[in-house]
Amino acid sequence: MIQELVGLGHRIRDLQPTSSRSHDALDNVPVSIDCIIDDQGNFKQFIPHESQMTVGERISAKKGKARLLVDRAEEVLEIVDEREKNRDLREKLNKQARFKHSLFREKLRLYSQLKELMPVNKFYESNRVNGVQKARAAFSKLEDKEWQGNIAFLIAGESKRLHEKDRVLEAIIERYQRSMTKIRRPRFARCSVCGTTSQAIADIPHGMIKRVPDGKASGCALVSYNDSAFESYGLKGNENSSICTRCAKAYVDALNWLLSNGSLVSGEKGKKSYRYTNRKNISPDTSIVFWLRDTVQYDLLAILDNPTEQSVHALFDSVFKGTEPSKFESDTFYALTLSGAAARIAVRDWIETSLDTLRRNLAQWFQDVAVGGFDSDKRGLIIGFPRYSSLIWNIKGKSENDVQHGRIGTVLWKSAVMGHAPPLWVLSSVLGRIRAEQGHVTTERVAVLKLCLNRRPNQQQGAKHMATLDDSNGDIAYTCGRLFSVLESIQYHALGGDVNAGIRERFFSFASTMPSTAFGRLMKMTQHHLSKIRGEKPGLAINLDKKLQELVSKVEGTRLPAVFTLEDQASFAIGYYHQRHHDFSVTATSKED
């Protein structure tokens with residue numbers, strides 16, 4: 001896993017040769033406020049703006065360190081929000097600011113030989129009154145929202161910030177390379193990823209990874225040895241991971257890129273939202289990042305959350321007719337399921353498969369979740385493909401249980417990408433939601449039930465649930481579900497829509513779990529409903545009775561079981577849904593005629 005992340009990190013650097021990613025000593029640094037000074041260190045003004053990514057010094061672990069020329073107000077101006085009412089807390093914040101500012105000033109002294117930094121040195125030292133003191137007074141007058149973000153120095157009349165100048169960046173690289181030669185050699189000098197000894201392993205955290213779900217805003221570490229409890233065999237610090245500094249920073253860059261890569265897109269009403277390209281959020285505490293070995297940009301998985309008829313049929317053609325470009329055939333697909341765990345990252349799952357297998361699994365996924373539903377606009381049955389995120393929400397309970405949400409999303413993800421069969425507890429969760437909502441069988445729930453049944457290990461050859469009504473399916477549970485739908489329809493025509501609690505609300509759970517007891521009672525009730533319809537609409541009564549007898553004949557001679565298994569209950573729900581939407585379509589067609 002680390003090896004593939006390192007490879008991705010190097011490819012990202014190659015695609016951006018002029019960016020900060022081209023050297024381990026540099027990084028992308030956000031800037032939200034420009035501090036304008038002149039060449040004598042006189043403060044002119046602050047210019048707040050939207051956060052902009054710039055090239056600056058890389059800091060792998062911020063604690064006890066400072067970045068050259070770019071940082072927050074605490075470090076740059078030794079200032080905190082004085083509006084804090086708690087005196088003890090305010091004093092604590094001031095103490096932290098003094099310490100952080102001292103680190104910032106010490107970093108400046110290390111580069112005091114640079115003539116480019118002379119205005120900043122005057123700003124802090126020889127011209128303090130018109131420099132830093134005047135800046136502190138002006139900063140306190142900024143609006144609350146303008147306090148946030150990093151501050152950078154900009155000489156009046158110039159376009160390039162001080163920390164972006166070529167000589168400053170060269171000095172940062174030179175100091176970094178000198179520091180690397182002073183790091184002690186570990187017991188195992190070779191990197192376990194690249195196998196080289198060109199760079200010693202730095203005894204520092206590998207790097208902080210940001211935007212991890214449910215992780216710290218300052219970042220989380222995938223690999224960290226901040227306590228002796230995490231060390232083994234007498235090895236110290238990062239000797240336990242046996243990875244060189246260059247490879248460690250490459251995988252950190254790769255994860256940061258995967259978790260943030262994307263762009264703003266406009267919705268139907270023009271509202272802009274951020275769409276991730278290599279990341280899929282499945283719950284507040286779990287995200288999946290994915291990429292290809294040879295191709296950086298390949299947005300195949302967007303189809304899971306936007307499965308249009310055209311895109312799905314194009315996928316079917318590419319798999320079954322071989323129309324996909326052959327250059328992708330030999331590529332490899334990778335995916336990581338990540339969650340935040342305090343300051344660390346928990347890796348829940350790792351997937352590695354060929355791109356050709358992925359495409360075939362996705363095609364099979366859409367075949368298994370395809371469900372026909374009645375479309376009132378088109379007045380007929382339309383086979384649709386539910387969105388991946390909609391499937392998760394239709395299984396998850398109403399409680400805000402992030403753990404359950406993440407588990408469901410991870411299981412369905414592996415079903416889509418790897419072709420795995422969902423475990424039995426997924427079937428139980430869907431049926432539990434249906435019972436809790438008094439027989440509310442949605443398209444998404446039928447799709448998941450159909451997926452579970454079609455991929456069960458004991459599935460007989462050819463005995464699969466179809467997307468629409470299958471009259472040839474003789475499964476007793478499926479037929480009972482259809483029969484229950486007809487009984488509900490008879491009650492509706494007899495009593496109208498003013499019934500407080502109909503057959504579905506009162507008897508769905510009963511009929512789907514204990515059919516032999518439930519259907520005896522339901523059939524007696526139905527005869528009374530049919531008698532009422534005969535007196536008002538004889539023709540309709542004949543049609544409904546004919547449909548009822550057709551289904552009853554399918555179960556005659558077969559003893560209804562006392563209890564349905566979980567799989568039988570799923571078949572019952574699918575049969576109920578199929579018959580219900582089939583009847584909707586027939587009714588709409590007959591009205592048009």
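D356 is partly exposed, with a relative accessible area of 23%, while R359 is buried at 3%. Buried here means under 20% relative accessible area, exposed means over 50%, and partly exposed lies in between, computed with a 1.4 Å probe on protein chains only. The two side chains meet in a salt bridge, N to O 3.4 Å. A salt bridge is a side-chain nitrogen of Lys or Arg within 4 Å of a carboxyl oxygen of Asp or Glu. D356 and R359 are both in helix α9, three residues apart, about one turn of the helix. Helices (H or I, at least four residues) and strands (E, at least two) are DSSP runs, numbered from the N terminus.

Helix α9 covers residues 355–369, 15 residues in total, and reaches 21 Å from its first C-alpha to its last, close to the 21 Å expected at 1.5 Å a residue. The expected span is 1.5 Å times one less than the number of residues. Buried residues of α9 include L355, L358, L362, W365, F366 and V369; the charged R359 and D368 are also buried.

## Basis of the values

This is a predicted model, in which local features need pLDDT of at least 70 and side-chain atom pairs count only at pLDDT 80 or more, while totals for chains, interfaces and linings use all residues. Residues are numbered from 1 along each chain as its sequence is written, and side-chain values use heavy atoms, with hydrogens and water left out.

## Other salt bridges

By this rule the count comes to 28 salt bridges. Side chains of opposite charge can pair when their charged atoms come close. R109 is partly exposed at 42% relative accessible area, and E106 is partly exposed at 40%.

K414 and D349 form another salt bridge, with closest N and O atoms 3.5 Å apart. K414 belongs to helix α11 (residues 402–418) and D349 to strand β9 (residues 344–354), so this pair ties together parts that are 65 residues apart in sequence. K414 is partly exposed, at 24% relative accessibility, whereas D349 is buried, at 14%.

## Nonpolar cores

A nonpolar core is a set of buried Ala, Val, Leu, Ile, Met, Phe, Trp, Tyr and Cys residues joined through side-chain atoms within 4.5 Å. The largest one has 82 residues, and those with the most contacts inside it are F333, F366, W413 and F484. Helix α14 (residues 476–495) supplies the largest share of this core, ten residues. A second, separate core of 41 residues includes I79, V168, A171 and I173.

F366, in helix α9, is in contact with I303, L304, P307, V312, L315, F316 and F385, leaving aside its neighbours within four places in sequence. Contact means heavy atoms within 4.5 Å.

## Helix α14

The 20 residues of α14 should span 28 Å at 1.5 Å a residue, and the end C-alpha atoms are 28 Å apart, which agrees. The helix is mostly covered, with 17 of its 20 residues buried. G496 follows α14 and has a positive phi, near 80 degrees.

## Packing of α10 against α13

The axes of helix α10 (residues 388–395) and helix α13 (residues 443–454) come within 9 Å and cross at roughly 95 degrees. Axes are lines fitted to C-alpha atoms, for helices over the stretch in contact, and angles run from 0 to 180 degrees between N-to-C directions. The two helices are therefore roughly perpendicular to each other; angles under 35 degrees count as roughly parallel, over 145 as roughly antiparallel, 65 to 115 as roughly perpendicular and the rest as oblique. From α10, the contact is made by S390, L391, N394 and I395, and from α13 by E444, R445, A447 and V448.

## Loop residues

Most residues other than glycine have a negative phi. L69 is not a glycine, yet its phi is positive, about 70 degrees. L69 is in the loop between β2 (43–57) and α2 (73–77) and is buried at 1% relative accessibility. Q438 also has a positive phi, near 55 degrees. This residue lies in the loop between α12 (424–436) and α13 and is partly exposed, at 43%.

E164 is in the loop between β3 (151–155) and α6 (166–182). At 18% relative accessibility, E164 counts as buried. E164 touches T54, V55 and L169, not counting residues up to four places away in sequence.
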